[in-house]
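Please look over the sequence and the model first, and then read the notes below.

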Amino acid sequence: MDLDVYVTAHRAEWERLDHLLRRGGKLTGAEADELVALYQRTATHLSIVQSSTPDPTLTARLTQLVARARAAVTGTRRSSWRDAARFLTAGFPAAVHGSRHWWVPTAVLSTLLAVLIGWWIGTHPEVQAAIGAPADLREMTRPGGQYETYYSSNPAASFAAQVWTNNAQAAAMCLVLGAFLGIPVLWILFLNMLNVGVAIGLMSSAGRLDVFLGLILPHGLLELTAVFVAAGTGLRLGWTVVDPGPTTRRAALAERGRAAVGMAIGLALVLFVSGLIEGFVTPSDLPTWARVTIGVAAELAFLTYVYVLGGRASRAGDRGDLEEPDRGAVLPTAA
């Protein structure tokens with residue numbers, strides 16, 4: 001493409017668009033329609049210039065012009081309670097539902113890994129000896145030992161806040177670090193499952209696995225589900241780097257990245273609930289069946305929320321991304 005000829009052919013349109021933008025809100029109806037049409041054509045021109053004969057000066061000029069026109073056409077909007085309600089009832093559950101083919105296998109495989117590690121430790125005394133001295137292990141697993149007193153070692157409110165902060169950071173790291181081909185996510189998952197597996201193995205070797213499950217299930221079901229969702233989403237983001245699908249890698253990463261940011265906020269709320277359960281229910285004097293029932297109810301409520309509200313929103317086309325006016329302009333891709 002001859003750049004000089006192209007500029008000569010379309011300069012008048014760009015200058016006309018610039019003139020209309022300078023007039024601001026003093027446009028007639030016909031002029032407003034003309035501005036929209038010129039904005040669309042100029043966005044196409046920018047795409048063609050970028051893909052065919054990229055010229056830094058012309059690209060910068062057209063980029064600025066398209067950005068100004070987009071701001072004039074779409075206007076500005078402020079977040080409202082409507083946005084928060086839409087996020088909680090559609091955007092977040094739709095994003096979790098849309099990632100289910102990643103986080104459900106992640107949950108299954110991670111749980112199997114934790115169980116396998118627990119079985120290996122619980123049935124091999126030499127492995128237990130490598131973990132710690134017999135006296136230290138007995139202190140950890142005995143009635144009233146460290147595994148039991150951990151959940152009541154601090155006041156409930158401060159303990160819940162500490163747990164929530166730690167888990168929210170782990171989930172956020174899974175989401176953010178997923179862009180690095182998902183490798184850091186696998187490491188974070190392994191460390192979490194290793195900790196769970198060690199506890200399962202040591203408590204089972206002491207004949208107190210039922211006590212451990214009674215302590216971890218009330219909050220652990222919801223907490224681990226949130227971690228699995230974050231990890232699965234991070235792995236999906238990492239795979240997008242490898243295979244972006246039918247769109248460009250930049251566009252695919254932008255879409256999945258925006259959804260991941262929203263999921264970080266939503267999962268922080270989910271982990272806040274699990275933190276409350278861990279701080280107030282797990283160490284409480286309620287019978288084990290009552291504490292476990294609360295944990296199961298919380299887990300079922302979250303899964304229902306994801307598969308009912310999220311499934312409905314997902315089928316309606318919601319992917320957990322921002323609404324159209326809030327997204328960056330997506331330029332057409334030249335053939």
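How many residues has the largest nonpolar core, and which residues have the most contacts inside it? It has 44 residues, and those with the most contacts inside it are Phe 92, Val 96, Leu 267 and Phe 302. This is a predicted model, in which local features need pLDDT of at least 70 and side-chain atom pairs count only at pLDDT 80 or more, while totals for chains, interfaces and linings use all residues. Residues are numbered from 1 along each chain as its sequence is written, and side-chain values use heavy atoms, with hydrogens and water left out.

**Cores**

- A nonpolar core is a set of buried Ala, Val, Leu, Ile, Met, Phe, Trp, Tyr and Cys residues joined through side-chain atoms within 4.5 Å, where buried means under 20% relative accessible area with a 1.4 Å probe, protein chains only.
- Leaving aside neighbours within four places in sequence, Phe 302 is in contact (heavy atoms within 4.5 Å) with Phe 92, Val 96, Leu 222, Thr 225 and Val 270.
- A second, separate core of 17 residues includes Val 7, Leu 46, Leu 58 and Leu 65.

**Thr 106**

- Thr 106 lies in helix H5, residues 100–122, and counts as buried because its relative accessibility is 8%.
- Beyond its neighbours within four places in sequence, Thr 106 is in contact with Leu 189, Phe 228, Ala 231, Gly 232 and Leu 235.

Notes: Helix = DSSP H or I, 4+ residues; strand = E, 2+ residues; numbered from the N terminus. Buried < 20%, exposed > 50% of the residue type's maximum accessible area, 1.4 Å probe, protein only.
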